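Take a moment with the model below.

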4 protein chains.
Amino acid sequence: MGAPMCRNLLRHGHSLKVYDIAPALVRTLAAEGCEPADGAAQCARDVDCLVTMLPSSPNVRAVYLGEEGVLRRIAPGTLVIDCSTIDPIAAREVAMDARARGCRMIDAPVSGGVAGAEAATLTFMVGGEAQDYEAAKPVLQGMGRNIVHCGASGNGQAAKICNNLMLAIEMIATAEGMALAAKLGMDPKVFAAIVNTSSGRCWSSDTYNPYPGVLEGVPASRDYAGGFGSDLMLKDLALATDAAKAARQPVLLGALAQQVYQKHSVDGHGAKDFSSVILQYLKP
Amino acid sequence: MGAPMCRNLLRHGHSLKVYDIAPALVRTLAAEGCEPADGAAQCARDVDCLVTMLPSSPNVRAVYLGEEGVLRRIAPGTLVIDCSTIDPIAAREVAMDARARGCRMIDAPVSGGVAGAEAATLTFMVGGEAQDYEAAKPVLQGMGRNIVHCGASGNGQAAKICNNLMLAIEMIATAEGMALAAKLGMDPKVFAAIVNTSSGRCWSSDTYNPYPGVLEGVPASRDYAGGFGSDLMLKDLALATDAAKAARQPVLLGALAQQVYQKHSVDGHGAKDFSSVILQYLKP
Amino acid sequence: MGAPMCRNLLRHGHSLKVYDIAPALVRTLAAEGCEPADGAAQCARDVDCLVTMLPSSPNVRAVYLGEEGVLRRIAPGTLVIDCSTIDPIAAREVAMDARARGCRMIDAPVSGGVAGAEAATLTFMVGGEAQDYEAAKPVLQGMGRNIVHCGASGNGQAAKICNNLMLAIEMIATAEGMALAAKLGMDPKVFAAIVNTSSGRCWSSDTYNPYPGVLEGVPASRDYAGGFGSDLMLKDLALATDAAKAARQPVLLGALAQQVYQKHSVDGHGAKDFSSVILQYLKP
Amino acid sequence: MGAPMCRNLLRHGHSLKVYDIAPALVRTLAAEGCEPADGAAQCARDVDCLVTMLPSSPNVRAVYLGEEGVLRRIAPGTLVIDCSTIDPIAAREVAMDARARGCRMIDAPVSGGVAGAEAATLTFMVGGEAQDYEAAKPVLQGMGRNIVHCGASGNGQAAKICNNLMLAIEMIATAEGMALAAKLGMDPKVFAAIVNTSSGRCWSSDTYNPYPGVLEGVPASRDYAGGFGSDLMLKDLALATDAAKAARQPVLLGALAQQVYQKHSVDGHGAKDFSSVILQYLKP
């Protein structure tokens, strides 16, 4: 869980025990009033609620199921909230093990970025039992604005990666449409205005347009700095296409979008906002 | 120009001379007060304004530039409005020839479907000189609600095909996202509600959702009857990818979307609404 | 028809009348013993056989069917051989008009490149009546080695563009396989040797390998100079995907291959040999 | 390891201890002279050489690294040959653990199918130390004909999945080219003959042509029965695209080929030979 999320929880009156693999971060948070812990498992003891946020499925498995893992230390009855973005099947397996240990566990991946974390306006997509969702809601409301129940365990993950699959394809759709319109001689602003009142409109065209100069205050207007990095989108596309493989579900455009972002990353743009994928279509 | 468009012009007090290759249609309109003509060229004489609507670029070239074509008969100064959806380069060439003949010509492809034509709520995307756009506006307002100036000659076409390129990709994005979410165990309505307040939202997800039962009153709720046919979308995708070829502009997802619609058409779904492309992703 | 092809015909004892839009080329060939002509139509008069080679379908239509076109001047009974690579439907239309004029016409697109033209080792893929193919054979054998009858009119074109569609996809397949094997830690030469005795072998892997250093004497070993240019492959892919559109036939990988070559061309590699498409996959 | 492979080893004079999760298979092999074992770990004790063949990476990890796994029981110095087709990184990890335990381990995935296993004509692609490859050669020669050293540990896997990535793309290339040529009016046999002496030739076109009636004795001539199943190809494409993800290497056509096979499988053709993918392109 990031520092801004911790601060928002402190601000809401919660007492926090914290651990991160970066000792400096733990020290900083300790100076701000959190109790430092020596590891994830120690964090999980003597608390009402455990919140984790980890980079990938193997990390989540290791932290929860490993020999020194959280589920060997945690008290039955603890409410467990995993905010990592991982694959839905892994999320379901860990939740099942947590229930076997007597804990209530939900998956609650998050969207909204660093800005949303700081402003406590994140969206949490929650998978799990309705009563556990209700129990977690007050905690999550300390960090976010939209707390959506997506159904059973793993569905928070499913909602997030399917949304991001659509988002990635639509961003590339917008990039291709804008670039082609410009090449055919249209003013990009005029074209965007038309699309945004027509059937081609999408969040990527009307709120986060990738063409430089069309909208103010978006990454496209500041050389794609900030925002949601292309490599993070690439990671979510990997999760989505992996989940589709496991579910034996075709996602033709999704798979191609994953490749376009892979090429974009190899070309050196992984750290730029994901709307920079339009650079694949604009002649330098 | 279709019969509903003619009727709306009559209703607005215009006198009409009409021609169509289907004699029955001409007779019907004559009975409603139009003057029947023997051919396109005859329609073009002794009128202030000529409006045409034809199925493809070769038809437009033949009607305007052929040996018995409109441009050999039309009086200099006539305002010419072509409502066909064709490729932007063909539109520019015909407009140039019209100007050489002393006429003012605009391209004004239309969106909104049969329902929009009947209700006079069509959108016209206009390419041509600003003054010719202004001159055509009162005529077009008799048939439509949004009359948008897209820039110079051909830009009406460019705007329409680039919008529809984005629309087709976004429709498939929605189909892939909805189908994968359902396969992963989510309720399609719940997932749609989440996407439609998130970054994955688009017209295809929030207004025209292809998953059966998510929205009422859309083709997906009536077995994909009515609406905008898959084969019409396939035709527009052919125009868009051809224009991209001519402009030497890559459109990776656009080209794949064209193929998905081609496969969908070969599979026998060409007459169904274009949101039926989700059938490529749902197991029967 | 290029200069090397003319020289080979001269060498075989034919008398030639020649025309090209480049006057210098006509002068050069005149100095070598050809009779210079003032235009294509003049070439077509008082000859037993007319051979043409033009860059695109519109050129072929213009030269044969235009107001000053060949078919208005040519004597009935003349054998007509068009060596252009164009779309099969255009080839069929022109051949039909030629037959209406009393001429026998075949389409005979060529492969083998400049080197093949000079060495008279070209392959001609011939579409047309069996007897016209037989009549043309002695002429074509003066310029090439393999003279293949592909069936009725237009089938020479169909054979060529379908072969090149497969070739482009297989070249990219080889590029992706070689690049991935190398990235996974294999020696490219060792991997190529394995593939070339396995089910993955193809002409692009065993004869024209795109990975630098695997084969000697191929474009990949000389920085992709010479050979068959990427932009020429892009043109053939445009013909193939257009023909597929007209035939309502899906070609998913073909359409994506066309896009990959379009991107490669926009990136500035259009003049390099088409095996340079592997540069899209190798980190610089 | 399949029964035919065991029988070939017996025939070469080896003594065998065998285990499989199917008890009936173990009984059958026991009746033929093998010593039955109660588990993989028991097989690994008191032998000179251990050969394993398992369906996926998690199985290989479990059998070798699990709490009751092979590496906890095996004597240092034992030669270990894993014939599973799995991802190269998993193969490298297991081999590293084997070496830590004092064993020599090679990865040796196999191609050639059931027919090749019975006739002892399999190809083994071997990754590992040169001396371990040499040590394993006499064993592998009892089961196969081509024993190829592909380089260091994991390279046997890399060679196999990269070959199969190319194979899948080339099979679809052949399917698209053959289907388009036929749709354009060519005789499929004539077209195949031309391609197979031209630059479009590949193993899929000249040895395993997917178009019905072009070659005799291939799956296409017996309604795609037998051969290498589409679902097995789909599994190998999953391995290849996963390896590409991990290696951050774009494989645009490979990813699309994976999707085409996924769709083919969902359409109910997973058990048919992988050349049946042409059914996606031929109108029923």
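How many of the six residues of strand E7 (residues 122-127) of chain D are buried? Six of the six are buried, so strand E7 of chain D is largely enclosed by the rest of the structure. A residue is buried if 20 or more other C-beta atoms lie within 10 Å of its own, exposed if 12 or fewer, and partly exposed in between, with C-beta atoms placed from the backbone. Strands (E, at least two residues) and helices (H or I, at least four) are DSSP runs, numbered from the N terminus.

Some ground rules come next. This is a predicted model, in which local features need pLDDT of at least 70, side-chain atom pairs count only at pLDDT 80 or more, and totals for chains, interfaces and linings use all residues. Residues are numbered from 1 along each chain as its sequence is written, while chains are lettered from A and ligands numbered from 1 in the order in which they are written.

Stay with E7(D). In a regular strand the side chains alternate between the two faces of the sheet. Leu122(D), Phe124(D) and Val126(D) point one way from E7(D). Thr123(D), Met125(D) and Gly127(D) point the other way, and all are buried. E7(D) has strand neighbours too. Two strands pair if DSSP finds at least two bridges between them. Strand E6 (residues 110-111) of chain D is joined to E7(D) by two bridges, and the two run antiparallel. Here Val110(D) stands opposite Phe124(D). Six bridges join E7(D) to strand E8 (residues 144-151) of chain D, and this pair runs parallel. Gly127(D) faces Gly151(D) in E8(D).

Now turn to chain A. Three strands form an open sheet there, in the order E6-E7-E8, with mixed pairing. Strand E6 (110-111) and strand E8 (144-149) of chain A stand at the edges. Each has a single partner strand, so one side of each is left without a neighbour in the sheet. Two bridges join E6(A) to strand E7 (residues 122-126) of chain A, and they run antiparallel. Ser111(A) has Thr123(A) in E7(A) as its bridge partner. Helix H7 (residues 130-141) of chain A lies across E7 and E8 of chain A, at about 175° to E8(A). Such axes are lines fitted to C-alpha atoms, for helices over the stretch in contact, and angles run from 0 to 180 degrees between N-to-C directions. Two residues are in contact if their C-beta atoms, placed from the backbone, lie within 7 Å.

Chain A also has an open sheet of three strands in the order E3-E4-E5, with parallel pairing. Its edge strands are E3 (49-52) and E5 (104-107) of chain A, and each pairs on one side only. Neighbouring strands of this sheet are turned by 15° against each other on average, direction ignored. Strand E4 (residues 79-82) of chain A is joined to E5(A) by four bridges, running parallel. Leu79(A) has Arg104(A) as its bridge partner in E5(A). Helix H5 (residues 88-100) of chain A lies across E4 and E5 of chain A, at about 165° to E5(A).

Step back to the domains. Chain A is divided into domain 1 (3-151) and domain 2 (158-280), with bounds from an automatic or database domain assignment. Their centres, taken over C-alpha atoms, are separated by 29 Å. The contact takes nine residues from domain 1 of chain A and ten residues from domain 2 of chain A.

Finally, look at chains A and B. How many residues does each give to the contact? Chain B gives 55 residues, and chain A gives 55 residues. On the side of chain B that touches chain A, H8(B) gives the most, with 19 residues. Two copies of a chain are related by a rotation about an axis and a shift along it. A rotation of 180° with 0.0 Å of shift along its axis superposes chain B on chain A, with an RMSD of 0.1 Å. The two copies are thus related as by a two-fold rotation axis. In chain B, the C-alpha nearest the axis is that of Cys202(B), 2.0 Å from it. The superposition is by least squares on the C-alpha atoms of residues with pLDDT of at least 70 in both copies. Of the interface residues of chain B, 100% are also interface residues in chain A, so the copies meet through the same surface.
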